[in-house]
Amino acid sequence: MRIGQGFDVHAFEKDRPLMLGGVSIPYEYGLKGHSDADVLLHAIADACLGAIGEGDIGRHFPDTDPAHAGADSAHLLEEVYALAENKGYTLGNLDATIIAQKPKMAPYIVPMRERIAELFHADLSQVNVKATTSERLGFTGRGEGISAMAVLLLESK
Ligand SMILES: Nc1ccn([C@@H]2O[C@H](COP(=O)(O)O)[C@@H](O)[C@H]2O)c(=O)n1
Ligand SMILES: C[C@@]1(CO)OP(=O)(O)OP(=O)(O)OC[C@H]1O
């Protein structure tokens with residue numbers, strides 16, 4: 001059994017789609033990044049890489065590589081999980097938290113869980129996603145961006 005944790009932050013930017021957990025969320029801002037900037041999937045990918053002792057997503061998908069420009073983070077996560085599967089692991093469960101003052105995530109939590117479960121070839125019950133504001137404190141509280149954290153457990157197949 002292996003455990004990993006991940007954390008990521010992206011700033012808001014005008015005229016970008018907001019992608020979170022592989023789901024497109026209607027909002028006046030998207031997140032700035034080299035890829036689609038899906039901060040939740042990045043935190044989950046880092047948790048998975050951490051669990052198998054394989055560094056972080058910046059090492060596997062450098063933001064200096066034009067091949068990853070505008071990348072769909074769902075595909076990056078699929079590649080990361082394939083590494084874990086090739087090492088003989090399968091997802092036990094994962095738990096993630098989105099820290100965002102706005103927008104309201106509640107309507108999108110189940111679609112995010114469904115998409116993440118699909119990427120891990122897992123059951124919905126193995127994936128939990130939560131959201132919290134930071135009570136208007138700090139950069140997330142001022143609405144400057146979104147952060148996400150994730151922890152996951154891998155089990156031997
Ligand atoms: N962007 C967000 C933030 C929070 N929620 C939901 O609201 C609940 C209360 O949040 P507090 O930060 O005030 O504790 C939280 O438990 C989430 O269910 C949300 O949907 N979207
Ligand atoms: C995903 C990658 C690669 O496109 O770029 P970003 O979208 O900027 O994301 P970040 O979490 O800053 O780092 C990982 C990157 O290398």
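Me: Which residue of S7 stands opposite Leu-94?
Reply: Strands (E, at least two residues) and helices (H or I, at least four) are DSSP runs numbered from the N terminus. Two strands pair if DSSP finds at least two bridges between them. In this structure, Leu-94 has Leu-152 of S7 opposite.

Me: How are the model and its numbering to be read?
Reply: This is a predicted model, in which local features need pLDDT of at least 70 and side-chain atom pairs count only at pLDDT 80 or more, while totals for chains, interfaces and linings use all residues. Residues are numbered from 1 along each chain as its sequence is written, and chains are lettered from A and ligands numbered from 1 in the order in which they are written.

Me: Which residues of S6 lie on its covered face, and which on its uncovered face?
Reply: S6 spans residues 127-132. Val-127, Val-129 and Ala-131 make up the covered face, whereas Asn-128, Lys-130 and Thr-132 make up the uncovered one.

Me: Why does Asn-93 count as partly exposed?
Reply: A residue is buried if 20 or more other C-beta atoms, placed from the backbone, lie within 10 Å of its own, exposed if 12 or fewer, and partly exposed in between. Asn-93, which belongs to strand S5, has 16 other C-beta atoms within 10 Å and is therefore partly exposed. Its C-alpha atom is separated by 8.1 Å from that of Ser-125, 32 residues apart along the chain. Ser-134 is also partly exposed, because it has 14 C-beta neighbours inside 10 Å. Ser-134 is placed in the loop between S6 and helix H5 (138-141). Of the 157 residues of the protein chain, 42% are buried.

Me: Which residues surround ligand 1, and which are closest to ligand 2?
Reply: A residue is near a molecule if its C-beta atom, placed from the backbone, lies within 6 Å of it. Ala-100, Lys-104, Met-105, Ala-106, Ala-131, Thr-132 and Thr-133 surround ligand 1. Ligand 2 has 13 residues around it, the closest being Gly-33, His-34, Ser-35, Asp-63 and His-68.

Me: How many helices and strands does the protein chain hold, and in what order do they follow?
Reply: The protein chain has five helices and seven strands. Along the sequence, the pattern is β-β-β-β-α-α-α-β-α-β-α-β. The C-alpha trace spans about 40 × 35 × 25 Å along its principal axes.

Me: How far apart are the end C-alpha atoms of residues 1-154?
Reply: These end C-alpha atoms lie 6 Å apart, and the span is 30% helix and 32% strand.
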